[in-house]
Amino acid sequence: MTRECAVLLPGVCAALADPRHLDLDDTCLEKLLDWFRSLTWFDPTVELVQDNPCLTEFITSVLALQDPSPDILSFTMQLAGILASSESRFQHLQQEKLLGRLFGPEGPRGGAAWEDASVRNAWVKGVHSMVHHQPALLFLCSTGGMDVIFTLQGDPSLFVASAASQLLVHVLTFSLESETSKALSTKDCDWPACAQMVVKHIQESLQSSSASHIEQSLKLLSSLFGSCFGSCYVAWTEVLWLDIAKQIESFLLEETLQAQPLLANLLLNVARSPAFCGTEGSFWALVTSALEHLTPVQAGPLAVGLLKLCKCPQDVRIQALTVLLQPMDCILRAASQPLECAGLLDESVSDPGTVENLLSSKTTCAGLLCQTLAHLEKLLSLKHLRVDLPRVSLLRSLMTTLQLCNGFLSPASPLGGTISRNLINCFRVQKAALDVLAALSEEKDCDTLIGSLFDVLLAYLQSPNTSPTVLKKTFQATSKWLVRLQELSCSNSQTEQQTEKILEDVFVVLQKRLCSPCWEVRDSSLEFLTAMVKCLRDQKEFRQCLLSSEVLRLTENLLEDPESYVRASAVTAVGHLALITCFAPESPVIGNHYNKESIVAKLQEILSTDSEGFPRRAVISIFTKWLREGCTGQLEDTEQFVSSVIQTVERDLDWEVRLGGLELVEVFCSQTICQLSQCPSAPVSSAVTSSTPQNELLQVFCRAKLFGFLFGSLCDCDKPVGQRACDVLVGLRGHFYPVSTLENPQEIEDSPAGRGIAWLQRTLRQGSLAQNFPVDGGDGVDFQDPESMMLALGAIDLLELHDELNKSSDHVEESPQSLLQDILAAVRTIEDNAVDCY
């Protein structure tokens with residue numbers, strides 16, 4: 001603790017203990033507790049309380065109050081728990097007889113204050129902070145604290161109940177720490193006294209007739225096995241599991257028990273423990289039983305969790321996959337003609353009738369399918385899935401599901417008809433199925449169905465009943481499968497005709513969708529077009545279909561769309577299309593309206609005149625992309641282009657546009673340095689050879705008016721802009737100046753340019769706004785003079801500015817000293833207002 005804080009602390013303690021000061025901000029008290037946590041974390045000695053007797057005096061004063069406010073009482077209990085977290089401070093507070101009056105039977109837990117949930121929560125938090133040494137654990141057990149925690153597990157306040165459960169996990173884990181070195185046999189062991197109380201409580205609750213007690217214990221066990229207990233105390237984990245396994249098994253068979261969903265989570269957390277790495281044993285038999293007896297909705301999370309485990313036995317893994325595939329298998333069988341499709345599965349884990357009943361019900365059908373599809377998408381994202389997934393059958397089932405949802409399939413069976421009625425126009429299932437469909441595009445096994453798949457996707461793209469959100473998902477899945485189709489076309493000449501026909505159909509639909517009255521549809525269509533250009537712009541069939549369609553004209557028209565989101569997406573699409581139509585080595589002739597000059601002019605107009613930020617951000621992003629890809633011509637053309645852009649950007653009121661301008665400048669600097677030094681590529685911050693024509697570089701940067709923009713951005717009112725500008729300038733200095741040859745400001749200040757640089761240094765330190773910078777002449781700085789800019793880069797302490805800009809904005813305001821001063825100031829304000837009342 002600093003001397004300044006030690007001086008302020010007694011006044012703060014006195015103010016907090018004064019019952020007249022009831023209006024103190026809760027956040028101040030939380031910050032004060034955070035400060036004490038950091039103090040006690042780094043220093044476990046007793047000096048903190050000995051050197052600051054005001055702390056114990058504060059606790060004593062609060063305990064002496066007849067009816068302390070819940071806020072101050074809660075603060076006091078948490079503070080005492082934090083102070084008592086080390087054994088030496090705990091003993092000191094015990095000698096003062098304070099801990100028993102706070103956490104013992106004579107404390108708040110027996111009085112009216114206990115009715116307030118915040119007081120109960122503070123008691124739990126205080127105990128949790130305190131129990132980090134054996135004396136505190138003994139104190140808790142000997143004063144009846146464990147019974148209090150057991151009771152609070154069922155507290156009506158969820159915050160209190162959760163905190164109590166976490167505390168029990170901590171108590172059990174901590175009480176075993178001293179036992180870890182002892183040899184432990186699972187047949188003959190004695191739990192430490194405090195741990196024994198927790199284990200006995202769990203066992204009694206599991207055998208209770210109270211459903212709430214059973215649920216509390218199942219949640220506690222799940223937290224326990226999911227914490228470090230299950231990983232660090234393998235032998236004790238086995239002992240605990242053996243104590244409760246039979247009871248858990250009985251719960252699986254009780255259909256009336258409401259806590260069955262908790263069993264799946266518990267079993268999954270136990271399965272993750274190193275104690276059950278072996279493939280044999282009763283535990284995995286119990287997991288198998290759970291997969292059979294839990295409902296599909298309950299078993300789904302358990303199944304997908306098991307499939308992510310590398311140590312799960314293969315037979316259990318196959319069973320888990322079967323549970324996940326059952327609903328999709330049922331869909332496929334119900335919708336197919338007899339004997340037309342074998343389905344996904346040879347046999348089921350549980351009764352197929354259960355899944356059929358869930359899918360037949362309007363209330364459960366969509367929920368089960370959405371959960372199943374979400375789990376399957378997770379599995380497909382895994383790099384190593386240790387079980388074979390029947391991808392072709394799964395894809396067929398997904399296509400069937402999507403056809404049922406839009407009414408394009410008439411199932412033969414009564415069950416199929418019922419499911420179809422449940423799914424018709426069900427957006428949730430459509431979106432989930434399309435997500436899995438997109439994920440399957442990465443799999444090579446599904447190529448045989450690609451024609452039928454595009455029939456389904458095109459039906460969704462063409463249908464007027466497809467909702468905008470489903471259409472967006474359909475576009476995303478279509479773009480991924482188009483990439484897969486193109487890969488097939490490159491390796492198999494027989495699919496070229498199929499590819500061309502599908503692309504033609506896609507562009508016909510896209511033209512229609514770009515003219516939709518719904519702005520979300522126009523926006524999704526433009527995003528889809530951009531995604532296609534990114535992936536397929538080098539493919540002959542794609543370019544032919546694009547250039548023979550009306551898509552280019554329609555996209556350019558949308559640059560004037562009334563909706564700003566659409567204009568922004570149109571800018572992005574036009575920018576990517578220009579890579580095909582304007583900037584490609586052999587750009588096709590498609591008319592004067594879509595030439596390079598026309599497109600650049602239109603986008604520059606949007607950058608300077610559009611009233612919304614989204615389109616302007618999109619323009620600067622596209623300009624940066626063009627620059628990166630070398631689309632802006634020779635150096636002289638690029639210099640003029642960059643100069644005109646940054647002169648527009650520096651006046652923009654949107655900080656993200658200005659930040660984009662700095663990214664453009666950074667790319668330009670890097671490329672110019674590389675060109676003039678004949679290096680293939682290098683970041684701005686990398687030093688290049690001494691043969692770099694520095695003067696020519698400086699002249700290019702000054703003509704482009706980069707330095708005025710960069711130094712002005714250092715004082716931007718939006719911090720990210722200043723930080724990025726400083727990064728660019730530090731990188732430039734690293735190129736122009738080896739560290740050992742930086743200019744001495746004292747030696748250059750006598751020259752006219754030197755006086756300007758000294759002024760600039762002072763101005764930057766003050767953080768003056770950029771518009772205060774004189775751009776030329778007078779006592780200011782000429783940002784277009786190479787000599788002055790060379791001096792500025794060498795003399796100004798950019799690293800100091802970098803550190804200042806990267807400091808957190810609250811590094812002063814949120815210091816402990818400032819916090820204590822704020823509390824005292826608040827107290828004085830309360831007192832002044834009280835006087836004013838008279």
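A: Buried residues make up 54% of the 838 residues in the chain, and the model discussed here is a predicted one.

Q: How many helices and how many strands are there in the chain?
A: The chain has 43 helices and 0 strands. Of the contacts in the chain with a separation of 6 or more, 71% are accounted for by residues 24 or more positions apart. The accessible surface of the chain comes to about 38,100 Å², and carbon and sulfur atoms hold 50% of that area.

Q: Which residues are buried in helix H9, and which helices do the buried residues of H9 pack against?
A: A residue is called buried when its relative accessible area is under 20%. In H9, which covers residues 134–142, this applies to Pro135, Ala136, Leu137, Phe139 and Leu140. These buried residues pack against helices H6 (87–95), H7 (99–103), H8 (117–130), H10 (145–152), H11 (158–176) and H12 (193–206). After H9 comes Gly144, with a positive phi near 80°.

Q: What is the angle at which H31 and H33 pack?
A: Angles under 35 degrees count as roughly parallel. Helix H31 (residues 564–581) and helix H33 (residues 613–628) pack at an angle of about 15°, with their axes 8 Å apart, which makes H31 roughly parallel to H33. The crossing of these two helices is right-handed. Among the residues of H31 that meet H33 are Tyr565, Arg567, Val571 and Leu579, while the H33 side includes Phe614, Ile622, Lys625 and Trp626. By class, the contact of H31 with H33 has 11 nonpolar, 4 polar and 2 charged residues.

Q: Is Lys540 buried or exposed?
A: A residue counts as exposed when its relative accessible area is over 50%. Lys540, which lies in helix H29 (residues 540–547), counts as exposed because its relative accessibility is 54%. The C-alpha atoms of Lys540 and Glu500 are separated by 9.7 Å, although these residues are 40 residues apart along the chain.

Key: Residues are numbered from 1 along each chain as its sequence is written. This is a predicted model: local features need pLDDT of at least 70, side-chain atom pairs count only at pLDDT 80 or more; totals for chains, interfaces and linings use all residues. Side-chain values use heavy atoms; hydrogens and water are left out. Axes are lines fitted to C-alpha atoms, for helices over the stretch in contact, and angles run from 0 to 180 degrees between N-to-C directions. Helices (H or I, at least four residues) and strands (E, at least two) are DSSP runs, numbered from the N terminus. Angles under 35 degrees count as roughly parallel, over 145 as roughly antiparallel, 65 to 115 as roughly perpendicular and the rest as oblique. A crossing is left-handed if the near helix is turned anticlockwise from the far one by less than a right angle, and right-handed if clockwise. Contact means heavy atoms within 4.5 Å. Ala, Val, Leu, Ile, Met, Phe, Trp, Tyr, Cys and Pro count as nonpolar, Asp, Glu, Lys and Arg as charged, and the others, Gly among them, as polar. Buried means under 20% relative accessible area, exposed over 50%, partly exposed in between (1.4 Å probe, protein chains only). Accessible areas come from the Shrake-Rupley method with a 1.4 Å probe; for residues, only the protein chains shown count as cover.
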